[in-house]
Amino acid sequence: MYIGAPVVNLIKNRIYPTYQLYARMANRKLTPEGGLRFGVVVVLSRLRARLGAAAPEELAFPGPDRYAEVSLEALPSLHINAGFVIDMISLPEKNLWSLQITEPDLGSNPGRADQPRQPVPGRIIETNVGFHVLGNDLEVGVQTVISDPETSAWADVYRPAFVKRLYDSPLFGLIHVIPITSAAYMLNTKEQLRAMVGLLHNQEHQLPCIVFTPARKVTYEDVNRHRLSPEQLANAASKGKLEKNFVATNFSDKRFGGPRMADVLSVPLAKRKEETVALAMTAPVRTEYFLPFDAEKLAASLAGYGRVYQAHENMLPSLREYAPDLDYGDILIFEPGCYGGKITVVPMGEPDGTYQTLRQRMMNYCRGKAVDFGEIYFLTGARDMFMEHTSALREASREQGKQWEVERSIIEKRWQGVLEEKINEMERLQKELGKLQQALGAKEQVIGDNRREYEAALAKVENRLAEREAYIAYLEERQNRPRGKKDIPGWIKQKFAGRLQLHTRAIQALDSANVNPDRLELLYDALESLATDYWDYRFGGITEEEMNRRMGLKYKRGFVVTQVGDTTIEFKDEQYILPYLAAGVKKPVNRRMDYHLKVGNKTEHLIRIYFFHDEERKLIVVGYLPDHLDCVKC
């Protein structure tokens, strides 16, 4: 009986951000461009330390103390693939720099079996860093993204080391609405409390706040001790002569050694007449306030995760306006308003209130949340809807690069062996030059032919490598193209001038069209393909096969261009004929939109682009998009 091979299960991966911080440079005396140089040098110095001897020459920059010697034009764009992947993009003309490090999880101390945090199989860690000068501000963005099997535990949140270097530096500093500091804030007045609450209501503020209230220790001592009858007890209570804290011999109370006065007075009158109560009158003689935890130590470790406050004991009544059940020693956690503004009270002494639990709770707060990164541009984009697609493109590019590298190596080795063999043969024949001159000439001709074949094969491989690099550049550029419907006319004018033009009627149709995000992405691809692949086919001389190959490589699909039937145009001429100002003509003439690009059938994924060719200008003129025009079925 045949038994098939065992099934290897596919496990779904989940992708989620862990550490996230959006801030601005705090130092106003340093220009944003100077801050960009300093910030990049700080990040690169940490990267060089991690790479060690494997650090490439392109990263050989001076330390942060000599940042002024670095020019923005010298900051590199590079790609390193060595088990980990480092992608760095520098655009000095736009005052923008971004870094992405993608690496497998190797634990907290790779290579050691006793490392504190063991690696998680299948987990990939992606660290994104971005700097962007916007007007008089330098924006800073840091995001760590985890991809791991959905069966594994959630990854802990760790702040990259260079973040502390940035907020601690007097030359740089970080502001997240207010400065990020490693010291605890004080809550001694109502004004300070209102300032903290106002900060949390600011929609740009995305960090949680933790407030420690002081614990209270009250010491009591006996004032006197005597016995009262039930009638005397009731009379003393009604005149306010009894303290709230006292001892009764016929009751028990764990806190004071006896019940509260209300408990004693609740005893039925019949029972009171049968007994007398022995009381130990008590009075508070000393009240001490203290913090259960070292708030300053916690503030130093949580800088960049959240903010830590210490409340004075006189602030408890004001804090109870936000948490009525708050008691001395309890801990308040305020979530920012942009995430709902929830307020949580952690009672002192409960497991959730331990130092390490509080620290982990604050550190993990930003995990999985959607953080607004302003105008920061990460290399692959940080939005969840694009993460899986970007990861697939990166993996495909990496595998294709490996394949081309293997092919080039095989070709080089094969032809190098042939060349060495012929050179050895030539040296042997040179010793018999007088006798074998004619034969040697023939051999030299063979060698020349082989060398030309080798050079032709090498040129072919190099062309394929250049094509790969161009494809990678296209993928990176695609991440930065606009994402809005209103951006399409400007994007076409800037990127495809002289190849593709939107007619006024097309712009009007686009403005009124209902385009969902998936359909919008497809529309961008279709217009781009029309201006590049189809234009090169129509006016540039490439073959239809080459056009389709390009489309398949870039978009993983083709776009069909066909003619519009004459019957349809004649029957619906008000839709298919539009005025156009051709070259050398003073007034517009009517042109027929006799071609259209089509993709998709369902409304939510359907794209139709109607156009005609201006042969003199070698221009494609789009007259209507992205929906169907009426047609005549034959």
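The dialogue that follows takes up these topics in turn.

Student: How many helices and strands are there in the protein chain?

Tutor: This is a predicted model, and its protein chain holds 17 helices and 23 strands. Of the 634 residues in the chain, 43% are buried. Among contacts with a separation of 6 or more, 68% join residues 24 or more positions apart.

Student: What is the general idea behind the pairing of strands in a sheet?

Tutor: Strands of a sheet pair through backbone hydrogen bonds, in either the parallel or the antiparallel sense. An example here is an open sheet of 5 strands in the order S17-S23-S22-S21-S18, in which the pairing is mixed. S17 and strand S18 (560-563) stand at the edges, each with a single partner strand, so one side of each has no neighbour in the sheet. Neighbouring strands of this sheet are turned against each other by 35° on average, with direction ignored.

Student: In which sense does S23 pair with strand S17, parallel or antiparallel?

Tutor: Strand S17 (residues 500-502) and S23 pair in the parallel sense, over 3 bridges. Within this pairing, Leu-500 has Ile-620 of S23 as its bridge partner.

Student: And in which sense does S23 pair with strand S22, parallel or antiparallel?

Tutor: Strand S22 (residues 607-614) pairs with S23 in the antiparallel sense, over 5 bridges. Phe-611 stands opposite Val-622 in S23. S22 and S23 form a hairpin with 4 residues between them, and Lys-618 in the turn has a positive phi of about 50°.

Student: How many residues of S23 are buried?

Tutor: In general, the side chains of a regular strand alternate between the two faces of the sheet. Strand S23 (residues 619-624) is mostly covered, with 6 of its 6 residues buried. Val-621 has its place in this strand. Val-621 counts as buried because its relative accessibility is 0%.

Student: With which residues is Val-621 in contact, leaving aside its neighbours within four places in sequence?

Tutor: With those neighbours set aside, Val-621 is in contact with Gln-501, His-503, Tyr-580, Tyr-610, Phe-611 and Phe-612.

Student: Where is Asn-95 found, and is Asn-95 buried or exposed?

Tutor: Asn-95 is found in the loop between strand S3 (85-91) and strand S4 (96-104). Asn-95 has a relative accessible area of 17% and therefore counts as buried, the cut-off being under 20%. Leaving aside neighbours within four places in sequence, Asn-95 is in contact with Glu-33, Leu-36, Leu-72, Phe-131, His-132 and Val-133.

Student: How many disulfides does the structure hold?

Tutor: A disulfide is a covalent bond between the sulfur atoms of two cysteines. This structure holds 0 disulfides. As for the burial of cysteines, Cys-209 is buried at 0% relative accessibility, and Cys-366 is buried with a relative accessible area of 13%.

Student: At what angle do helices H14 and H15 pack?

Tutor: The packing of two helices can be described by an angle, a distance between axes and a handedness. Helix H14 (residues 517-540) and helix H15 (residues 544-555) pack at an angle of about 155°, and their axes are 9 Å apart. The two helices, H14 and H15, are therefore roughly antiparallel to each other. H14 passes H15 in a right-handed crossing. Among the residues that make the contact are Asp-525, Ser-529 and Tyr-537 of H14 and Met-547, Arg-550 and Tyr-555 of H15.

Student: Across which strands does H14 lie?

Tutor: H14 lies across S17, S18, strand S21 (595-599), S22 and S23, and runs at about 30° to S22.

Student: How do the axes of H1 and H2 cross?

Tutor: The axes of helix H1 (residues 32-51) and helix H2 (residues 161-168) cross at roughly 145° and come within 9 Å. This crossing of H1 and H2 is right-handed. The contact is made by Phe-38, Gly-39, Val-42, Val-43 and Arg-46 of H1 with Ala-161, Phe-162, Arg-165 and Leu-166 of H2.

How values were computed:
Residues are numbered from 1 along each chain as its sequence is written. This is a predicted model: local features need pLDDT of at least 70, side-chain atom pairs count only at pLDDT 80 or more; totals for chains, interfaces and linings use all residues. Side-chain values use heavy atoms; hydrogens and water are left out. Buried means under 20% relative accessible area, exposed over 50%, partly exposed in between (1.4 Å probe, protein chains only). Two strands pair if DSSP finds at least two bridges between them. A disulfide is a pair of cysteine sulfur atoms within 2.5 Å. Contact means heavy atoms within 4.5 Å. Axes are lines fitted to C-alpha atoms, for helices over the stretch in contact, and angles run from 0 to 180 degrees between N-to-C directions. Angles under 35 degrees count as roughly parallel, over 145 as roughly antiparallel, 65 to 115 as roughly perpendicular and the rest as oblique. A crossing is left-handed if the near helix is turned anticlockwise from the far one by less than a right angle, and right-handed if clockwise.
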